[in-house]
Amino acid sequence: MTESKKIAVLCNYQLLPDRVGGMDYFFWQFDKQCAANGIQVDWFFPNQSDHGEYNTLTVFGSEDKAVENYFLSFCKTNKTEYTHIITHFIELCTPFFYKIKQYSTGKIIAIDHNPRPIYHYSLKKRIEKRIKGILFSRYIDLFVGVSNYTVNEIINDFGPHLVKKSKTIYNGVILEDIQVRNHRNIVKPNFLVASHLRESKGIQDLITAVALLPSSIQKTIKIDLYGDGPYKSVLVEKMKQHDVEHCFAFMGSSPNLKAVFLNYDYMLQPTHMECFSLSILESLAANVPVITTNVGGNEEVLVDGENGYIFKAKDIHELKEILEKVYLGHATIQSNTRVIVENGFSLQKMVEQHFALVLDNKS
């Protein structure tokens, strides 16, 4: 048992019963780990829910207030003494972190999940972030990025003085829930995309790349798109313009993608911006290689030619070349892609590393 501690976790993350993802499982497992060691956790979300295991958590929903404002009001009213305050999906280096220190002596740990634009922020935005780093980074005791890419971007955004108080903790997935594919078609493999349908996910690039393929491949290639979003109508129109509607099938949102991956030979993720993708980890854990871009933390888990293929974001011709070689069997992945996830990116490892933060008095 650890010494008595009480921590607060703030998450700007909507609790939705029909969208249970990797972070939900992480929150549940982290709470269990804390409870098993006598640590109480108060959770602050934009809303309340009792789906899944949220009914076992102490959840405070901010409802009509921003999570940050609700938490400040809560601290002022209740005068709860927290040893640690952890934030997820909360903007870094804002006056909010200064204000927390007016009500609490708890150590503040800020987890950064946010991808950056492919061509970086504007000069004005970069200057603003650097100023915020100078003014408010002192109130955050530890910055945690979900990939080395994220940590580097934190330092680029807010200043090199943060090197010594920044660290990487990779996201992880529940391996036991992911069914494994035992066979991979070398010629004429089938493909899936698992993504929210928005412009930054780059699916429009995939459509254009397919339109460049030889007609003999276009006649038989099949790509299933799992997910939904506001960009769907644009994608449909682009397919019609290129006359490749027959190559794609919209499968809608799936509540259990973990049971879907094993039906495919490769996952395609032509994204323009990424932090550290859970869908990539889940696909690899299902022994399904990934074809994706060189953004974010993708190259920290993927090795080109070993467990997938990497191409430069927005390079439609390079994507077309990879698709053609893979479809004709001229390029193929032979390895068991699950191994790298088992060794370094399990949910249990993620939970243990986050839990260690609240045990370390230096954090």
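**Exercise 1. Asn 287**

Decide whether Asn 287 is buried or exposed in this predicted model.

*Solution.* 
Step 1. Find the residue: Asn 287 sits in the loop between helix 9 and strand 12 (290-293).
Step 2. Read its relative accessibility, which is 12%.
Step 3. Apply the cut-off: buried means under 20%. Asn 287 therefore counts as buried.
Step 4. Check the backbone. Most residues other than glycine have a negative phi. Asn 287 is not a glycine, yet its phi is positive, about 65°.

**Exercise 2. Phe 89**

Find where Phe 89 lies, and state how its accessibility is classed.

*Solution.* 
Step 1. Phe 89 belongs to the loop between strand 4 (84-88) and helix 3 (95-103).
Step 2. Its relative accessibility is 24%. Buried needs under 20%, and exposed needs over 50%. Phe 89 therefore counts as partly exposed.
Step 3. Look at phi. For Phe 89 the angle is positive, about 60°, although the residue is not a glycine.

**Exercise 3. Helix 6 against helix 8**

Describe how helix 6 and helix 8 pack.

*Solution.* 
Step 1. Two packed helices are described by the angle between their axes and the distance between the axes.
Step 2. For helix 6 (residues 203-212) and helix 8 (residues 232-242), the angle is about 10° and the axes are 10 Å apart.
Step 3. Angles under 35 degrees count as roughly parallel. Helix 6 and helix 8 are therefore roughly parallel.
Step 4. The crossing is right-handed.
Step 5. List the contact. Helix 6 brings Ile 203, Gln 204, Ile 207, Thr 208 and Ala 211; helix 8 brings Leu 235, Lys 238, Met 239 and His 242.
Step 6. Sort these residues: five are nonpolar, three polar and one charged.

**Exercise 4. Helix 1 against helix 12**

Repeat the analysis for helix 1 and helix 12.

*Solution.* 
Step 1. The angle is about 50°, and the axes are 9 Å apart.
Step 2. Helix 1 and helix 12 are therefore oblique to each other.
Step 3. Helix 1 passes helix 12 in a right-handed crossing.
Step 4. On helix 1, the contact residues are Met 23, Tyr 25, Phe 26, Gln 29, Phe 30, Gln 33 and Cys 34. They meet Leu 347, Met 350, Val 351, His 354, Phe 355 and Val 358 of helix 12.
Step 5. The contact holds ten nonpolar residues, three polar and no charged.

**Exercise 5. The nonpolar cores**

State how many residues the largest nonpolar core has, then explore around Trp 43.

*Solution.* 
Step 1. The largest nonpolar core has 57 residues. Those with the most contacts inside it are Ile 7, Phe 27, Phe 30, Trp 43, Phe 45 and Tyr 54.
Step 2. Elements that each supply at least two residues of this core include strand 1 (5-11), helix 1 (22-36) and helix 12 (347-359).
Step 3. Another core, of 31 residues, lies apart from it; Val 193, Leu 197, Ile 207 and Leu 235 are among its members.
Step 4. Turn to Trp 43. Beyond its neighbours within four places in sequence, Trp 43 contacts Val 9, Cys 11, Phe 27, Phe 30, Asp 31, Leu 57, Thr 58, Val 59 and Phe 60.

Key
Residues are numbered from 1 along each chain as its sequence is written. This is a predicted model: local features need pLDDT of at least 70, side-chain atom pairs count only at pLDDT 80 or more; totals for chains, interfaces and linings use all residues. Side-chain values use heavy atoms; hydrogens and water are left out. Axes are lines fitted to C-alpha atoms, for helices over the stretch in contact, and angles run from 0 to 180 degrees between N-to-C directions. Helices (H or I, at least four residues) and strands (E, at least two) are DSSP runs, numbered from the N terminus. Angles under 35 degrees count as roughly parallel, over 145 as roughly antiparallel, 65 to 115 as roughly perpendicular and the rest as oblique. A crossing is left-handed if the near helix is turned anticlockwise from the far one by less than a right angle, and right-handed if clockwise. Contact means heavy atoms within 4.5 Å. Ala, Val, Leu, Ile, Met, Phe, Trp, Tyr, Cys and Pro count as nonpolar, Asp, Glu, Lys and Arg as charged, and the others, Gly among them, as polar. A nonpolar core is a set of buried Ala, Val, Leu, Ile, Met, Phe, Trp, Tyr and Cys residues joined through side-chain atoms within 4.5 Å. Buried means under 20% relative accessible area, exposed over 50%, partly exposed in between (1.4 Å probe, protein chains only).
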